[in-house]
Structure formats: structure tokens, C-alpha cells
Amino acid sequence: MVVLGAVAGYLLFSTAGTLGPAAVLVSLFTPLPAAALGMRHGPRWGATAAGLTALLVLATSGGGPLLIYLVQFGVPALLLPWLLGRGVHWDRAIVMTLGLMLALGVVVLIGMTSGSGKSIVDFVDGQIDREIDQAITMMESLSGTESSSEESEAFREMTTRVSDLMHRGYPGMLVVALAALQLVTVGLLALLVRPNALPGPPLAAWRGPELLIWALIVALFVVLFAGGVVQNLAINVLIVILPVYFLQGLAVVEHLLSRKGWSPLLRAVSYLMILLANPLPVIVTGVGVFDLWADFRKPRLKNN
């Protein structure tokens, strides 16, 4: 089982690097083999599987991919089952794992840039520019050569705006992406390993911290009325906070669908539509924000 888990983790990690945009979907499952072993049979099993995966990555790809695997996938594969097995609520386990991943990521970035003569900001900007250039090249190749000059100019303007947003909000986007990875891993562990047994409230009853609303309000006002570094900081705060209220909105949806008796299949289809169909993500986020005052999950008394 350990060998199979190690090979599965290695195949998922190595395959993701060749899939382009589809790598995001594969990456969501990369920590699962080792994490499932750790959850079901104990931390030593998961640690052994993750260690073997790391050795395979080192032998076939070198030290750079090894660091990426250890920070992005090895840490959650080991730490999440360990925390959950000790009764830490799943939301707190995600925050603690995310904090360790970010700290290790900063250490890795410092090590990678220390001998290159570049600052961390310059290094990150270079990585963002490289990803944007690849995306532009791919989009242009898919659109063909028959685009008019007006369409090409509009496409370039759009990519310029996206590039500016990514440069300003990259730290927040990174935090959200890593947190989403932990959330998916916890959800898969709950579904496949210990159904209805993870410590912490069920999704239908989950709420974000109440005081977080003030950080949202302050950040929104700063984005609207300030500029420069302060505005960039507020943008990153918004990028991090808004998904928390999206998750709370999903909790409200889960509560309503469960109360209506919808089957798991219909609920899964509903969640997929919420994620993919605009403007449903914005609406669900708004529901999460106003749940603080409206309390949509509070039982309503029927008038006789």
C-alpha cells in the first residue's frame, strides 16, 4: 500500500507538469495518496509514502521539483492527517497547514534568489511574466491567424489588465490557491477515508470568524479610495477574504439543499454550476457576507 501510494503520488505530480492549464485539476489529487494512508493507518505510513514519492521526484527531476513537491504537496499530505487525527478542527488544520507551507515557501524563495542577485519580488515578477506570455501564446495559437487588428488589440489590452492584476495580487492569489488545495484534500479525506468523522463542524453549519467582516469593509474602502502600496495590500486582503465568504455561502447552500432532501448527486451538480456559471460565485459570496446579519440557517417559525 505504501509503494502504491508513493507511485500514485509521483505519477500525479509528474503528469501535472505536462498538462498545462489542466494541471490544476490533477494537482488537487496529488497529496491524497499519502494523506489517505496517514489518515487510515497512521502518520508513519503517510510519511513513508510521501518520502518515497520525494525520492522518485529527486531521482527523475532534480532538486527544484523536489522542493516544489515537498512544500506544495508533502506538507499537507503529512500535516493534515496528523492534525485531524489529534482532534484539530478541519478549518483550523487547514489554516495551520497553510501557514507552514507559506513559511517554508518563503525560505525556499530566499534560498533560490540568494545566489542569483535578484530580489524575491523580481523573481516572482519574472515567473508571472513567463506564465502570462505562455498563456498569451496559447490563446493566440488557438484563435488562429484570422483575427482582425481590432480583436488583437482588444486581446492585448485585456492581457495587460490581467497582468497588472496578477502582479499586484499575486501573494493573495497564491494563498487562496494553496488554501483551496488543503480544502479539497480535507474534503476527499472526509469522503473516502472517514466519512462524517472529521473533527469540526459539518459544512452546513460552518461559519467564518465574525470579526473578519471588518477587515473586509476596511480593505474595500482602501481599494476604492487609496493608492500605491496600501491599495495593493488591500487588494491582496480582499483576494484572501472573499473566498472565505464564498465558502460560508456554500455552507448556506448546503444547509438549504440538505433540508430540502436533495441527493448527493444533485448537490454535486449544483456546486459545479455554482463554481462555473457566472454570476453565481458572486451571488454565493454575497450570501456568505450577509449571512452574518440575516442568519439564513436560523429556523424560521411558521405563522399559524
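This is a predicted model: local features need pLDDT of at least 70, side-chain atom pairs count only at pLDDT 80 or more; totals for chains, interfaces and linings use all residues.
Helices here are DSSP runs of H or I with at least four residues, numbered from the N terminus.

Figure 1. The chain has 304 residues, and 34% of them count as buried. Take the contacts between residues at least 6 apart in sequence: 68% of these join residues at least 24 apart.

**Figure 2. Accessible surface of the protein chain.** The total is about 17,900 Å². Carbon and sulfur atoms account for 70% of this area.

**Figure 3. A nonpolar patch on the surface.** Its members are V3, V7, L11, L52, L55, L56 and L58. Together they hold about 570 Å² of accessible area. Two helices, α1 (2-16) and α4 (43-61), each supply at least two of the patch residues. Helix α4 gives the most, with four residues.

Figure 4. V7 belongs to the nonpolar patch. Is V7 buried, partly exposed or exposed? Its relative accessibility is 36%, so V7 counts as partly exposed. The reasoning rests on two cut-offs: buried means under 20% relative accessible area, and exposed means over 50%. Patch residues must also have over 30% relative accessible area, and V7, at 36%, is one of the residues listed for the patch.

Conventions: Residues are numbered from 1 along each chain as its sequence is written. Side-chain values use heavy atoms; hydrogens and water are left out. Patches are made of residues with over 30% relative accessible area and no salt bridge: like charges are joined within 9 Å, nonpolar side chains (Val, Leu, Ile, Met, Phe, Trp, Tyr) within 5 Å. Accessible areas come from the Shrake-Rupley method with a 1.4 Å probe; for residues, only the protein chains shown count as cover. A salt bridge is a side-chain nitrogen of Lys or Arg within 4 Å of a carboxyl oxygen of Asp or Glu. Buried means under 20% relative accessible area, exposed over 50%, partly exposed in between (1.4 Å probe, protein chains only). Contact means heavy atoms within 4.5 Å.
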